[in-house]
Amino acid sequence: MDRARREALQGDLARLADGDRDAFHPVFVCLWPLLRGFASRYLPAGDAEDAAQEALVKVFARAAVFDARRDALHWTLGIAAYEIKTARRRRQRRREDGEPSAEIGDGRLGPEALAIAKEREDAIGAALALLDPADAATLRAYAAGDPPPVKGATFRKRVQRALARLRLAWRIDHGRP
Amino acid sequence: MAVPEAALSARARRAYEMGRLRSALPAVALAVPMVGLSIVLCDRPTASAGFGLALVAILLATAWRGQPFERGARAGLVAGLGPLLLPMATCFHLCAGGVCLLAPTACIVAALVGGAALGLHARHHISASPDAGSFMVTALAVAALVGSLGCVIAGLSGIVGMVIGLALGTVPVVWWPARAT
């Protein structure tokens, strides 16, 4: 981050701490890519998005008590670093515990797993509804295995982008996947 | 990513607004013992509780709104300490007998001092700011509510005297430099 942007962030965050709502958007626009980039350096893509979102929300939740004499960038990255640490710890715990089996004895899904799957399907539907129609159409075509309407590489790229947007929409609405 | 970013922005905005409300907690925590003291010592629990509720509401609202309102509320809390404590101190023993002869005088004197202190603070820190009006109105309202918690011991006359004292203490100090410059 260059010096001018850093000073702008300092000023905007100080204004936000004082209660000036006009500073909300500039702070958001500055911090979101910054925190996403910072988290992606230490975590795999999915977890990085989650941690960046949590960090961003926490930065705004604590913005009212930000002390303008402190360095805004350090303060923000401190919060993000804590979130990254928490995400890594959670990831570690998940690996140690292992995923619980959702299947019943004969290999079929149990009622609880079915309910979860149904809930997840509904949530995917809701997240798709939030997407741009073109993205939603691309993902539906991909999921159905329809022949791509454009060249293979272009279609793959579109699917990749649409999936990223779907993941983001999912996480915003439902927390962790 | 327009839509998901908008949703994230909305979530961040909600977190910010809740954070602003939470930032009022220290001020509210200061107000709670004031109200408790007033209820215990002033023998008018309903009025004390009413003033206390109004004070908590205004502290929450000003902390949430921020800017000059929040600064004004902080200054008002300090300016109101005199009118809160002095009447209680002067009447501490006499109140047991149900007579508070010194209380109205204490209310007025403490309010004059508190008002003058508020005026001096405003004169040195915010007199040139366009937000000076919002600051002063909020500060006087909070100081009057804090003072009322103490001056309720002297009844309505004590409260009215305290409000007049606050105004008389503040206005000349704020008005004088404006004329001089």
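Modeller: Gln67(B) is partly exposed, because 17 other C-beta atoms lie within 10 Å, whereas a buried residue would need 20 or more. In this predicted model, Gln67(B) belongs to helix α4 of chain B. Its phi is near 55°, a positive value in a residue other than glycine. Most residues other than glycine have a negative phi.

Asp43(B), which is not a glycine, has a positive phi of about 65°. Asp43(B) is placed in the loop between α2 (25–42) and α3 of chain B, while Gln67(B) is found in helix α4 of chain B. Asp43(B) counts as partly exposed because it has 16 C-beta neighbours inside 10 Å.

The helix that holds Gln67(B) also packs within its own chain. α4(B) and helix α7 (residues 132–151) of chain B lie with their axes 7 Å apart, at an angle of about 35°. The crossing of α4(B) past α7(B) is right-handed. On the α4(B) side, the residues that meet α7(B) include Pro68(B), Phe69(B), Arg71(B), Gly72(B) and Ala73(B), as well as Ala75(B), Gly76(B), Leu77(B) and Ala79(B). Among their counterparts in α7(B) are Ser134(B), Phe135(B), Met136(B), Thr138(B), Ala139(B) and Leu140(B), together with Ala141(B), Val142(B), Ala143(B) and Val146(B). By class, the residues of this contact of α4(B) with α7(B) divide into 14 nonpolar, 4 polar and 1 charged.

The helix α4 of chain B also takes part in the contact between the two chains. That contact takes 19 residues from chain B and 20 residues from chain A. On the side of chain B that touches chain A, α1 (2–22) and α4 (67–79) of chain B each supply at least two residues. The largest share of that side, 13 residues, comes from α1(B). The residues of the side of chain B that touches chain A divide into 9 nonpolar, 5 polar and 5 charged.

Of the 181 residues in chain B, 49% are buried. Among contacts in chain B with a separation of 6 or more, 79% join residues 24 or more positions apart. The mean pLDDT of chain B is 83, with 87% of its residues at 70 or more. Confidence in chain B is highest in helix α3 (residues 45–65), at a mean of 92, and lowest in helix α8 (residues 155–180), at 78.

Buried residues make up 28% of the 177 residues in chain A. Among contacts in chain A between residues at least 6 apart in sequence, 60% join residues at least 24 apart.

α2(A) passes α4(A) in a right-handed crossing. Leu31(A), Leu35(A), Phe38(A) and Ala39(A) of α2(A) make the contact with Thr76(A), Leu77(A), Ala80(A) and Ile84(A) of α4(A). The residues of this contact divide into 7 nonpolar, 1 polar and no charged.

Confidence in chain A remains to be stated. The mean pLDDT of chain A is 80, and 82% of its residues reach 70 or more. Among the elements of chain A, α2(A) has the highest mean pLDDT (91) and helix α5 (residues 111–130) the lowest (70). Over residues 101–105 of chain A pLDDT stays under 50, and for this stretch the model has 7 contacts beyond four places in sequence. The model scores ipTM 0.74 and pTM 0.66.

Key
Residues are numbered from 1 along each chain as its sequence is written. Chains are lettered from A and ligands numbered from 1 in the order in which they are written. This is a predicted model: local features need pLDDT of at least 70, side-chain atom pairs count only at pLDDT 80 or more; totals for chains, interfaces and linings use all residues. Helices (H or I, at least four residues) and strands (E, at least two) are DSSP runs, numbered from the N terminus. Ala, Val, Leu, Ile, Met, Phe, Trp, Tyr, Cys and Pro count as nonpolar, Asp, Glu, Lys and Arg as charged, and the others, Gly among them, as polar. A crossing is left-handed if the near helix is turned anticlockwise from the far one by less than a right angle, and right-handed if clockwise. Axes are lines fitted to C-alpha atoms, for helices over the stretch in contact, and angles run from 0 to 180 degrees between N-to-C directions. pLDDT is the predictor's confidence in each residue, from 0 to 100. A residue is buried if 20 or more other C-beta atoms lie within 10 Å of its own, exposed if 12 or fewer, and partly exposed in between; C-beta atoms are placed from the backbone.
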